[in-house]
Amino acid sequence: ERAERAPRPQRSPRPPRSSRQRDPRPDQAPSRRHDSAQQRGAALTGEAAEAACLKAAALIKEVLALMSFEGAAVQAVWDSEQDRIKASIETPEAIRLIGPDGRVLESLQFLVTLIMGRRLGSPVAVQVDANGYWQSKEDAVLADARKGVEEVRSTGKPFRMPPMDAHMRRLIHRSLAGHPDITTISEGDGAWRKIVLRPLPAKK
């Protein structure tokens, strides 16, 4: 005779499908949204802007010393057009500081931005440049954006720029904010996220 099997334990009933929720994955964010709201730093003025720039310069010098960059000159000013602290570093070791494809400089910029936000109590955008590396990149991106604006004006169709990082997208959003004929949006995800220039509807 076969041995009797033990009865299976009863499973607890599953909740209805509508009540089950999954945490959204970071890569499943909406494919289109405006970046500027997320990346907008605090708009500082007067003494507050000056004090923030002094703190940023001191912080950068501190971090550079920890990175064994001796004798680097650091200046920081408030960029009212982009609402950010704009710091520039002059050093004979600029190539080492910038790193391959600017990755070392970008990491330094990220770190300084994070620490400054905590010290000021609110987020603030910070650009950390070395020997004009970011300035040349920004000039090239803005030149492409101006060409895109002219194409949108002549064709009336959207113009998609190449994928770019959040720093450059923020630059274009703010540079074209308030343009009489063009509006900017971001589309795509991750490394493929890009700026799209669109014509504004004609005013009646």
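Start with the largest nonpolar core, which has 45 residues. A nonpolar core here is a set of buried Ala, Val, Leu, Ile, Met, Phe, Trp, Tyr and Cys residues joined through side-chain atoms within 4.5 Å; buried means under 20% relative accessible area, with a 1.4 Å probe and protein chains only. Select Leu64, Ile85, Ile89, Leu105, Leu108, Ile172 and Leu197, the members that touch the most others in the core. Helix H2 (residues 46–66) is the element that gives the most to this core, 9 residues.

The model is predicted, so local features need pLDDT of at least 70 and side-chain atom pairs count only at pLDDT 80 or more, while totals for chains, interfaces and linings use all residues. Numbering runs from 1 along each chain as its sequence is written, and side-chain values use heavy atoms, without hydrogens and water. Helices (H or I, at least four residues) and strands (E, at least two) are DSSP runs numbered from the N terminus.

Next, select Ile89 and show its surroundings. Leaving aside residues up to four places away in sequence, Ile89 has contacts with, among them, Ile60, Leu64, Ala72, Leu97 and Val128; contact means heavy atoms within 4.5 Å.

Now show the sheet. It is open, with 3 strands in the order S2-S3-S4 and mixed pairing; two strands pair if DSSP finds at least two bridges between them. S2 and S4 are the edge strands, each with a single partner, so one side of each has no neighbour in the sheet. From one strand to the next, the twist averages 20°. H2 packs on this sheet and touches S2, S3 and S4, its direction making about 150° with that of S2.

Take the strand pairs in turn. S2 (residues 73–79) and S3 (residues 84–90) are antiparallel and joined by 7 bridges. Ala73 lies opposite Glu90, and Gln75 lies opposite Ser88. The two strands form a hairpin with 4 residues between them, where Asp83 in the turn has a positive phi of about 50°. On the other pairing, S3 runs parallel to S4 (residues 125–130) over 6 bridges. There Ile89 has Ala130 as its bridge partner.

Finish at helices H5 (residues 133–155) and H6 (residues 166–175). Their axes are 10 Å apart and the packing angle is about 50°; axes are lines fitted to C-alpha atoms, for helices over the stretch in contact, and angles run from 0 to 180 degrees between N-to-C directions. H5 and H6 are therefore oblique, a class left after under 35 degrees (roughly parallel), over 145 (roughly antiparallel) and 65 to 115 (roughly perpendicular). Select Trp134, Val141 and Leu142, which are among the H5 residues at this contact, and His167, Leu171 and Ile172, which are among those from H6.

Definitions and conventions: Buried < 20%, exposed > 50% of the residue type's maximum accessible area, 1.4 Å probe, protein only.
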